[in-house]
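The sequence and the model are shown first.

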Amino acid sequence: MTLHQRTLGTTSPLTVSALGLGCMGMSEFYGRGDEGEAIATIHRALDLGVTFLDTADMYGPFTNEQLVGKAIAGRRDDVQLATKFGNERSPDGRRLGINGRPEYVRSACDASLQRLGVDHIDLYYQHRVDKTVPIEDTVGAMKELVEAGKVRHLGLSEAAPETIRRAHAVHPITALQTEYSLFTRDLEDEILPTIRELGIGLVPYSPLGRGILTGALTSEDSLDEDDSRRTAYFPRLNGEGLRANLALVDAIRAIADEKGCTPGQLALAWVLAQGDDVVPIPGTKRVRYLEENVGSAQVELSAEDLAALEKAVPRGAVVGERYGDMSSIDS
């Protein structure tokens with residue numbers, strides 16, 4: 001199987017695999033990790049043509065970049081490497097807040113380059129917008145990284161339309177990363193039209209709704225005890241929210257059965273069908289789930305299929321916010 005490629009951005013274009021790999025869960029948040037299995041998953045991804053790898057300095061913290069760097073050693077030219085700064089954490093894991101100060105941008109980039117063991121980052125995102133620092137100052141510092149050859153392309157994550165416009169005026173933004181799936185579609189109102197007007201690509205994270213859209217999450221007990229998805233920080237995956245949302249997954253499963261694919265493959269195929277400027281980055285730490293995700297690229301959806309999915313999961317039908325604290329979203 002060979003994945004097609006897609007191009008993110010028009011002013012500062014970056015060609016990547018049509019499906020990326022989110023590496024966060026290999027190191028933190030989604031239960032216990034296994035470095036050997038994680039590295040095997042990244043190697044299998046590259047063999048299957050999934051060359052767009054996504055990490056961040058705060059994952060671990062710091063250890064996920066080290067893991068990705070170890071996995072791509074000797075294969076750097078095969079990879080489009082994305083990482084992020086801005087969610088500042090101390091080495092012991094404490095969250096220090098959102099930091100978009102220019103001096104921090106520079107130091108964070110140098111630290112990421114060292115951990116990853118590379119001389120440049122293909123796509124460097126501001127992970128969350130720092131409301132205390134003008135976006136022009138933050139992106140100005142990011143622009144300096146491009147001019148220095150440390151970064152090739154710039155991105156934003158969870159930024160509001162006006163923030164995106166102001167950032168893009170300082171330096172072309174190649175991609176916006178935000179949550180987008182059958183369960184999360186609010187960006188269709190203002191954010192998606194804005195980035196398409198400006199020629200900015202979309203990189204959806206959590207395109208499988210943090211696992212619920214795969215059909216594998218049937219109760220809180222489906223997750224490890226130390227999995228952050230069991231906490232109140234994810235209202236859609238707990239209590240009444242989970243029970244209500246599983247009924248929607250049942251409707252997706254029925255359509256998937258008719259198509260001869262898994263619910264997760266159908267959900268990813270839906271995201272891929274939203275445009276050639278859309279490159280989802282489903283995360284996994286296991287080879288078998290990676291292979292299932294890659295299979296979504298072979299699922300073709302007709303207009304009737306798309307209409308059936310719209311009916312099965314109407315916008316607004318999902319119960320619960322995507323985060324318990326939405327204060328840093330769409331900033």
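## Sheet, helices and backbone

Strand 5 (residues 80-85) and strand 8 (residues 121-126) run parallel and are joined by four bridges. Thr83 has Tyr124 in strand 8 as its bridge partner. The model is a predicted one, in which local features need pLDDT of at least 70 and side-chain atom pairs count only at pLDDT 80 or more, while totals for chains, interfaces and linings use all residues. Residues are numbered from 1 along each chain as its sequence is written, and side-chain values use heavy atoms, with hydrogens and water left out.

Helices (H or I, at least four residues) and strands (E, at least two) are DSSP runs numbered from the N terminus, and two strands pair if DSSP finds at least two bridges between them. On this basis the chain has 10 helices and 11 strands.

Contact here means heavy atoms within 4.5 Å; axes are lines fitted to C-alpha atoms, for helices over the stretch in contact, and angles run from 0 to 180 degrees between N-to-C directions.

A separate pairing involves strand 6 (residues 87-89) and strand 7 (residues 95-98), which are antiparallel over three bridges. Arg89 has Arg95 in strand 7 as its bridge partner. The hairpin of these strands has five residues between them, and Gly93 takes a positive phi near 95 degrees.

Two packed helices are described by the angle between their axes and the distance between the axes. The table gives these values for two pairs.

| Helix pair | Angle | Axis distance |
|---|---|---|
| Helix 1 (residues 35-48) and helix 2 (residues 63-72) | about 55 degrees | 9 Å apart |
| Helix 2 and helix 3 (residues 102-116) | roughly 45 degrees | within 7 Å |

The angle makes helix 1 oblique to helix 2; angles under 35 degrees count as roughly parallel, over 145 as roughly antiparallel, 65 to 115 as roughly perpendicular and the rest as oblique. Glu35, Ala38, Ile39, Ile42 and His43 in helix 1 meet Leu67, Val68, Lys70, Ala71 and Ile72 in helix 2. This contact has seven nonpolar, one polar and two charged residues, where Ala, Val, Leu, Ile, Met, Phe, Trp, Tyr, Cys and Pro count as nonpolar, Asp, Glu, Lys and Arg as charged, and the others, Gly among them, as polar.

Helix 2 is also in contact with helix 3: Glu65, Gln66, Val68 and Gly69 in helix 2 meet Ser112, Arg115 and Leu116 in helix 3. The residues of this contact divide into two nonpolar, three polar and two charged.

Most residues other than glycine have a negative phi, and most peptide bonds are trans. The bond from Gly60 to Pro61 is cis, with omega near -5 degrees, and Pro61 is found in the loop between strand 4 (52-54) and helix 2. Ser206, a residue other than glycine, has a positive phi near 50 degrees and is placed in the loop between strand 11 and helix 7 (239-259).
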